[in-house]
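Let us take a friendly walk through a structure together. Keep the picture open beside the text as you read.

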Amino acid sequence: MPWEHRGPVDESQLLTRARAGDPAAERALYDAHVDRVYRLAYRLAGSDDLAQDFTQDTFIRAFERLKDFRGDSSFATWLHSIAVSVSLNGLRKVKRLRTREADLNDAGDHEWSVRRAEPDLKLRLAQAIDALPPGYRTVFVMHDVEGFTHEEIAGALGLQPGTSKAQLSRARAKLRTALADFAGEWTA
Amino acid sequence: MTDDDFESFLQRAARDYNAPPSTPRDAMWARIEAERRSRSASVASHGARARRWLMLGAAIAAMLLVGIGIGYVLRGTMDSRLVAERPDAAPDSARQQIAGTGSETASAHDSGSIPGNRNDAVSNDGATPRERSPFAPEEQRIAVVPPGSHAAPRNTPESMSQPAPRSSGSAAGNNRESAAYAALTAEHLGRVEVLLTSYRAESERGQVDPQITSWAGDLLGTTRLLLDSPGSSDPQLRKLLGDLEMVLTQITQLGAEQGSKKDELQLIDQSLRSHDVMTRIRGATPAGAGALPIGT
């Protein structure tokens, strides 16, 4: 049985041991949460290398700051907030680098350009999600793609649940507008 | 097409958006552990480096404190000797001028840090300063010469034919010699500074007190003794003593000359200025050396 399903008592014991520097407890916490963190990082980054980097960085930071975790929220929420922060900051850096490279190379063979050239609905959807503002995109990915609740999203992003709902609604509206050409294919 | 249709489409289609592969948990854990080990090692080495620098800094600070302590002890010793040997007969105008230079002499005078009548000070041998006037022959007052030195006058056949004798040659003996020579030289330079300050005050009036010329003769003898001492190995100090010898000789000869002294005074002033004698003396003299307890 995964650690995340063993209940808060087990996790609090693990946290206590991990704070004391117990490597086995750290590994157990890692095993309990790494899948969800990695999946979220991958969904946001779209690259295995970046997702692994973001996941590693998330856990390294979490273990370094474990003494600061006071238990106001669940450990998973705290960990996801770190993961989202690490991923979004990392993606900003990557975007800056890609922009510079694109300016330098001035090439038309960019991955995103390939997506634009494809008329496929799923690729157009992916393109539209990529084009969402970061806040909308994060909420959309967490809720509609990864299945986080609004409460979890709010806890991880430091928002009110109502704000999360509003951002998801706006994200969907933007996607609907972006995919208007495929209106007939939604039900297919 | 309703919103519900679109939302259900989104939730179906979005599952394929950046679909992740299976989690490479072991590979990532290995890298996490390696990174954490590397960071802790870096922090440890940084801490060790910081500790080394701290220890080095503490050692330097301790050495400085010891040096300052030794300086205070030596200075106290020299001050007590200078109190015992101060030149009471220095003209009042000279005292005023020295007080105006802002030297430690002036500080001592202003603050009254050396209390009591100057005639009350008694030297180690029981003689009062008046009995031990600085205008007495200098050789009598400087009874201590570096051990082993013959202190022969410069340019005598003896001194020219024989190398300057050294002490036993042991390191401790050499150190004692050097320390004694340095103390005597500092003391002497302090006296010369007082004399030259007195002289300049007198020469501005165009008249030099005969006591000044006599005093200069005494200091000239000591200057030559110091020049001939085996401890005078510092070339800068030798040059300074050489220049002092010249100036003191000129001042000494003022008393013997019968004609107009105006040209001679100008010549001496020119020597003092051109060789920057006063500045060099002050540079070579430790603070407090030669300070006179004047004005009491």
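pLDDT is the predictor's confidence in each residue, from 0 to 100. This is a predicted model, in which local features need pLDDT of at least 70 and side-chain atom pairs count only at pLDDT 80 or more, while totals for chains, interfaces and linings use all residues. Residues are numbered from 1 along each chain as its sequence is written, and chains are lettered from A and ligands numbered from 1 in the order in which they are written.

Chain A has a mean pLDDT of 86, with 84% of its residues at 70 or more. For chain B the average is 70, and 62% of the residues score at least 70. For the complex, the predictor gives an ipTM of 0.82 and a pTM of 0.48.

The table lists the helices at the two ends of the confidence range in each chain. Helices here are DSSP runs (H or I, at least four residues), as strands are (E, at least two), numbered from the N terminus.

| Chain | Lowest mean pLDDT | Highest mean pLDDT |
|---|---|---|
| A | α5(A), residues 111–117: 45 | α3(A): 96 |
| B | α4(B), residues 104–111: 40 | α8(B), residues 210–228: 86 |

Some stretches call for care. In chain A, pLDDT stays under 50 over residues 107–118, which have eight contacts beyond four places in sequence in the model. Two residues are in contact if their C-beta atoms, placed from the backbone, lie within 7 Å. In chain B, residues 97–168 also stay under 50, and the model has 123 contacts beyond four places in sequence for them. Over residues 290–296 of chain B, the pLDDT is below 50 too, with 34 contacts beyond near neighbours in sequence. Where pLDDT is low, the predicted coordinates should not be read in detail.

**Inside chain A**

What does the secondary structure of chain A come to? There are nine helices and zero strands. Of the 188 residues in chain A, 33% are buried (20 or more other C-beta atoms, placed from the backbone, within 10 Å of the residue's own). Among contacts in chain A between residues at least 6 apart in sequence, 62% join residues at least 24 apart.

Look now at α7(A) (residues 134–145) and α9(A) (residues 161–178), which pack at an angle of about 100° with their axes 8 Å apart. Axes are lines fitted to C-alpha atoms, for helices over the stretch in contact, and angles run from 0 to 180 degrees between N-to-C directions. The two helices are therefore roughly perpendicular (65 to 115 degrees). Their contact includes A:Tyr136 and A:Phe140 of α7(A), and A:Leu168 and A:Ala171 of α9(A).

**A helix pair in chain B**

In chain B, the axes of α8(B) and α9(B) (residues 235–254) come within 8 Å and cross at roughly 150°. That makes α8(B) roughly antiparallel to α9(B) (over 145 degrees). Among the residues in this contact are B:Leu220 of α8(B) and B:Leu248 of α9(B).

**Where the chains meet**

The contact takes 30 residues from chain A and 24 residues from chain B. On the side of chain A that touches chain B, α2(A), α3(A), α6(A), α7(A) and α9(A) each supply at least two residues. The largest share, nine residues, comes from α2(A).

Note on methods. Angles under 35 degrees count as roughly parallel, over 145 as roughly antiparallel, 65 to 115 as roughly perpendicular and the rest as oblique. A residue is buried if 20 or more other C-beta atoms lie within 10 Å of its own, exposed if 12 or fewer, and partly exposed in between; C-beta atoms are placed from the backbone.
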